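Here are a few friendly notes to read with the model open beside you. Take the points in order and find each residue as you go.

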Amino acid sequence: MQSIISVSRLSKTYESGFQALSDINLDINRGEIFALLGPNGAGKTTLISIICGIVTPSFGTVTADGHDIITDYRAARSIIGLVPQELTTEVFETVWATVTYSRGLFGKPRNDDKVADVLKALSLYDKKDDKIVTLSGGMKRRVMIAKALAHEPTILFLDEPTAGVDVELRRDMWDVVRGLRDTGVTIILTTHYIEEAEEMADRVGVISKGEIILVEDKDRLMHQLGKKQLTLVLQKPLDTLPESLVPYNLERSEDGTELVYTYDTQAERTGITRLLADLSAAEIRFRDLQTEQSSLEDIFVNLVRDRR
């Protein structure tokens, strides 16, 4: 696929000597939803801030739809919208005035039809004359997105877009983001909600200690790195494992009523048939079993842990 953002050998060291980013190489495809995951202090905000022209890189290059963010700053910035994590709006202004003003900041001529289209897409049009101070937290978040879309960018950064939003409104926001992607906008989001990335993203990037440690198609990532667990609920508690079961690396619950077997779904043999046969030979009976696939959160935690 064609890249719309290209980051090459990007590094950032602050005056204090802290290196926030180290040799970042990243391509984001046109029209995708890309989720950038990482623990606090990993470098997510610094990376976004550099691409958006807020922070100056120490080394490396970044282009947005072919425009260098340093040498062709105006063109690059005109196609990028940013929704920061913090709600920063003039609370006593109306929704309409706030969004219209944001459009003007980018030198765009007044276009009431465009502003109306943005507000309608975000279910804000009936609130256009309301002062922002009167809006709910979810609606204020939508106003932030409307401000970022007012100048008709083709790239939209969402930094923790559903922070502080309840579950119902979070799902509404997911629908909004998908709708934007369907209109051709490329979406890059950072999130602490792993289920948000799992639900929405086409691809996932993981950043840790200022380095990109993985970029992968979400479904392929879960297919390649995801593990399955077989949980056996025993008829009687088990105090110790027989020697014949040690090779399976089973996890025994504290009360001895469950055994958990982790296996690779991509392996030629899962070992389950042999395990069940050995359990029977050891006269260990179970009354129930269930399987569970690793989530994106499990994969993320393991990746970051391995880098420590």
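1. Let's begin with the lining of the largest pocket: α4 (112-121) and α6 (167-182) each supply at least two of its residues. The largest share, 4 residues, comes from α4. Helices here are DSSP runs of H or I with at least four residues, strands are runs of E with at least two, and both are numbered from the N terminus.

2. A word on the source: this is a predicted model, in which local features need pLDDT of at least 70, side-chain atom pairs count only at pLDDT 80 or more, and totals for chains, interfaces and linings use all residues. Residues are numbered from 1 along each chain as its sequence is written, and side-chain values use heavy atoms, leaving out hydrogens and water.

3. How big is the largest pocket? Its volume is about 350 Å³. Of the 14 residues that line it, Val118, Ala121, Leu149, Leu180 and Thr183 are the closest to its centre. On a 1 Å grid over the protein atoms alone, a pocket is an open set of points where a 1.4 Å probe fits, with protein on both sides within 12 Å along at least five of seven lines; lining residues have an atom within 4 Å of a point. Points are joined across faces, edges and corners, and the volume is the space filled by probe spheres set on them.

4. The lining divides into 7 nonpolar, 4 polar and 3 charged residues. Nonpolar covers Ala, Val, Leu, Ile, Met, Phe, Trp, Tyr, Cys and Pro; charged covers Asp, Glu, Lys and Arg; the others, Gly among them, are polar.

5. Now find serine 102 in helix α3 (residues 95-105). Is serine 102 buried or exposed? Serine 102 has a relative accessible area of 6%, so it counts as buried (under 20%, with exposed over 50% and partly exposed in between, using a 1.4 Å probe and protein chains only). Leaving aside neighbours within four places in sequence, serine 102 is in contact (heavy atoms within 4.5 Å) with Lys147 and Ala150.

6. Next comes an open, antiparallel sheet of 4 strands, in the order β2-β1-β4-β5. Its edge strands, β2 (19-29) and β5 (67-68), each pair on one side only. Two strands pair if DSSP finds at least two bridges between them.

7. Strand β1 (residues 3-13) is joined to β2 by 7 bridges, and lysine 12 stands opposite leucine 21 in β2. These two strands form a hairpin with 5 residues between them, where glycine 17 in the turn has a positive phi of about 100°. A further 5 bridges join β1 to β4, with serine 8 partnering threonine 61 in β4.
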